[in-house]
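Please consult the sequence and the structure below alongside the text.

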Amino acid sequence: MGGFPILSVMTFLPLAGALLVMLVRAATAGSSRGETSAQARRAVLLAAVIISAATFAASVAAFFAFDRSATGYQLVEQYAWYGPISYKLGVDGLSLSLVMLTTFLTPICLLASWNSIDKRVTEYVIAFLVLETFMIGVFVALDLVLFYIFFEAGLIPMFLIVGIWGGKDRVYAAFKFFLYTLIGSLLMLIAMVYMILAAGSADFEVLEKFAFAPEIQTWLWLAFIASFAVKLPMWPVHTWLPDAHVQAPTAGSVILAGVLLKMGGYGMLRFSLPMFPDASAMFQPFMFALAVIAIVYTSLVAWRQTDMKKLIAYSSVAHMGFVTLGIFAFNDIGIQGAIFQMLSHGLISGALFLIVGVVYDRMHTREIAAYGGLVSRMPIYASFFMLFTMANVGLPGTSGFVGEILTMVGGFQAATWAAAGAALGVIFSAVYMLTLYRRTVFGEITNPQLSDIKDMNLVEWICIAPLAALTILFGIAPNLIFNLTDSSTTRILSLMAGGQ
Amino acid sequence: MLDITSILMTVAPELWLALAGLIGVLLGAIFGERFNSLSFKYGALSLFAAAALAAVHFGGGEAFGGLVRTNTFVNFAKVITFVLAGVALIISEGFLKRHETTRYEYSLLIIFASLGMGITLSAADLMTLYMGIETLSLSSYVLAAFHRDSARSSEAGLKYFVLGALASGMLLYGASLVYGFTGTTSFTGIAEAGVTTGALFGMVLMIVGLAFKISAAPMHVWTPDVYEGAPTPVVAFFASAPKMASTVVVANVLFTVFASAIDQWQIIVSIIAGLSMIIGSLGALVQTNIKRLLGYSSIANVGYALVAVAAGQEFGAAALLTFSTIYAVTSLGLFAAVLAMRRRGGMVEGISELGGLARNNPVLAVTLSVLIFSIAGLPPFGGFFGKFEVLRAGLGAGLVPLAILVVISSVISLGYYLKLIKIMWFDEPTERFERVDVSVMGTVLLCSVVAGAVFMVFISELGTGGWASFAAAGLAN
């Protein structure tokens, strides 16, 4: 405690940036209809990229201030706020890695909007920066109510991003996204209020040590999982995701897949396991079943898609099934794998949505049938696409492999049948991803509009290349992440054991 | 022993309002038309002064041989309601001027309605209670029909009056039963006599009558019609100050008079709360008129407030004050925003008229969105803390089904709140609104800043552990 409040600065820097953009906009609103000129548009986007890059720098600073060998929460800031609620921030390896994923992806998303967002850019970057604050807040909050505030407030900017800058059915998708997520989180709110009443505190560290009676745990666990299952998403409450993904603008899809889904997995690791160990153990087979259904069923659904984004969206649901499998294996290898899978999926699915965005910006269609033969016109694009296709399939040497194999090994130790089912999903993922790749990239050019399509431009390079580098880096040297998340995994497991 | 100073201090806000109202009548009689414009400032200042008087003697006291008793609980409500009534009066002037109905009677009616609220809140006797409620109601009927040339306004006033009279009759009938079975009209006397089966009948009838006044289901049917028909500034007043005063009065009566019968009224209030939440949020889903929509939304919100009431004094008193304060401020801001919906010299009330507001008038769109998200109970805005308090009270008292109903109703209500957001932000712009009065825009801004940010940052000052807790502690004495 004491010292420089690096976490608060990092969390609220984007919000401050958003206010700044808003003020500048208000000050210049009278003088020019700035929106229309491309120059003003770019200036706003550039400012937002700089703000989010500064946030990333802050998270890197937090990373260096963080002691990887110590257990427990670090860089803690705590101030009394309201009754049992306090403003308490802190990170462990789990949350810090997810924070870095968030701060890393946000500037890329803003940059990816360089050419694709041409209306209401000021509002766009404000929504994005506000969203970034809420996303970081979710991962650094160490107080139930503070966590809930960030968790739920993030719905508002995301709702606007999908609803204003989305595709044709954006209104439907935005409403579905909002209402699905809301009903889950409100049930969680009831459970949280109950916990605060029972334990007299909203502090994570107190609640982790507070032993709830087993029958109470069951109800609390169900309420929490209602929220996280929607967010992750798990079958059968995943149906909002394909709609939201398809309708959201490219950057919105990247953030949805890259960060928002991870809140579900984060929540399970932060609440379900350490705070309700008995209930978690009781529901283990149930969660395994849901995970396997998600992996197998949504992989098959993904195979039948004709829309590129929808295919990747369903593949996200399948990959999140591995996360559930790893988390509920309750062993070191499974949980490490689940965390790794979340980070890896954040990079890979984010990159895949960017890849789709590249051709969407040129052709304004996401129909797989409209493409074919891209390799002869866009060789560099085809190479990147190949890399991320393979990473999504789980090819050794990419980060996708590490996550899948570890969660499966973890799952195997807990329940053989679950790992066997999940392994099917690996095969299916090769089927649908390779089909997608073949139909879009190989073959003859059948669509005449494709004849003069241009390869990736500089901005797209800047967006996609870092993701590619990290995907390979983490595939070769996964210890970079395990070193960070090791102590928090051990801690979660010891809290579970202490509770049982 | 007659301590005249103490008595005067106890009834000072009401005494002052009565005096201000009567002087206003005289001024109107003397200056006639010339007083019209000035009367709004006169009324608002009187109301603010009354709020100050209630704040000065916050601890409360007893007067008139136990007919009137105040404590921190009711004084808290008085301060808030008088201030809100004053603000509601200020934003009315521009509207009335444009409709050529700037008459000083308007201000005086608001003063008398506020006097009624003050008396009801101070009541420690069934007689005082009834007198206060009628003063409030009669002024409200006239206010609803203030646009006497408009058929809609007259209809609203008449409907309000006929149904309101019925409800007053029930309240009175219930009060007489309670008197008949306990032999006293004094609150403490009834509480000491204990609630017999006969008195229980009286209590139920009284709850029915009071439920009408706060527009709780199933006594809510007048609300959408009156909200739609009555002039908008009047609705802004109805939806804020009297709403808060009446819910606090319900709580005051149940907590002090019928404290021993909590097992009985907890069920009744829970049912009323549940019905109000569900009927209010389902009803609002299909509305296309923004005033009707907000009318239904207010029914749902009364349901949330009643959850705090049903939780009983120990858990619910502070939560009720917190929730009602945040709700009343937000509600006033919302109706002030409706006042800003003017086009080609007339008011427009269809929700589709807000189309593309984010492009035409970003400031109004942002502030209105904050108010909507706040009333929907979404974090990080103030409304969330109100709902949080209500949930905490409900769960603290073990009312789990009711807490789940709060959640269901919140999700349903997001259906129409989001529809408003969608219209403002997603849809294509329609014609711009006319220039908004400074007072109206200022109120929208102020309310959205207070509801959106101030309540969040200073929630520990307002809610549990803060002023609301301090005020609720006054009930225990």
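## Arg41 of chain A

With a relative accessible area of 11%, Arg41(A) is buried (buried means under 20% relative accessible area, exposed over 50%, partly exposed in between, with a 1.4 Å probe and protein chains only). Arg41(A) is placed in helix H2 (residues 38–65) of chain A; helices (H or I, at least four residues) and strands (E, at least two) are DSSP runs, numbered from the N terminus.

Not counting residues up to four places away in sequence, Arg41(A) touches Trp114(A), Ile117(A), Asp118(A) and Val121(A), where contact means heavy atoms within 4.5 Å. Ile117(A) is 76 residues from Arg41(A) in sequence, while their C-alpha atoms are 9.2 Å apart.

## Basis of the values

This is a predicted model, in which local features need pLDDT of at least 70 and side-chain atom pairs count only at pLDDT 80 or more, whereas totals for chains, interfaces and linings use all residues. Residues are numbered from 1 along each chain as its sequence is written, chains are lettered from A and ligands numbered from 1 in the order in which they are written, and side-chain values use heavy atoms, with hydrogens and water left out.

## Interface of chains A and B

In the interface, 33 residues of chain A are in contact with 34 residues of chain B. The two chains bury about 3,100 Å² between them, 83% of it on carbon and sulfur atoms; buried area is the accessible area (1.4 Å probe) that two parts lose on being put together, summed over both.

Between chain A and chain B there are 0 salt bridges (a side-chain nitrogen of Lys or Arg within 4 Å of a carboxyl oxygen of Asp or Glu). The elements giving two or more residues to the side of chain A that touches chain B are strand E1 (74–82), helix H4 (121–140), helix H5 (144–153), helix H6 (155–165) and helix H7 (170–199) of chain A. H7(A) gives the most to this side, with 16 residues.

## Ser240 of chain B

Ser240(B), in helix H10 (residues 232–257) of chain B, counts as buried because its relative accessibility is 0%. A polar atom of the Ser240(B) side chain lies 2.8 Å from the backbone oxygen of Ala236(B). Leaving aside neighbours within four places in sequence, Ser240(B) is in contact with Leu84(B), Ala328(B) and Leu332(B).

## Val363 of chain B

Val363(B) lies in helix H15 (residues 362–375) of chain B. Its relative accessibility is 47%, so Val363(B) counts as partly exposed.

Notes: A polar contact is a pair of N or O atoms within 3.5 Å; within protein, one must be able to donate a hydrogen and the other to accept it, and residues adjacent in sequence count only if both atoms are side-chain atoms.
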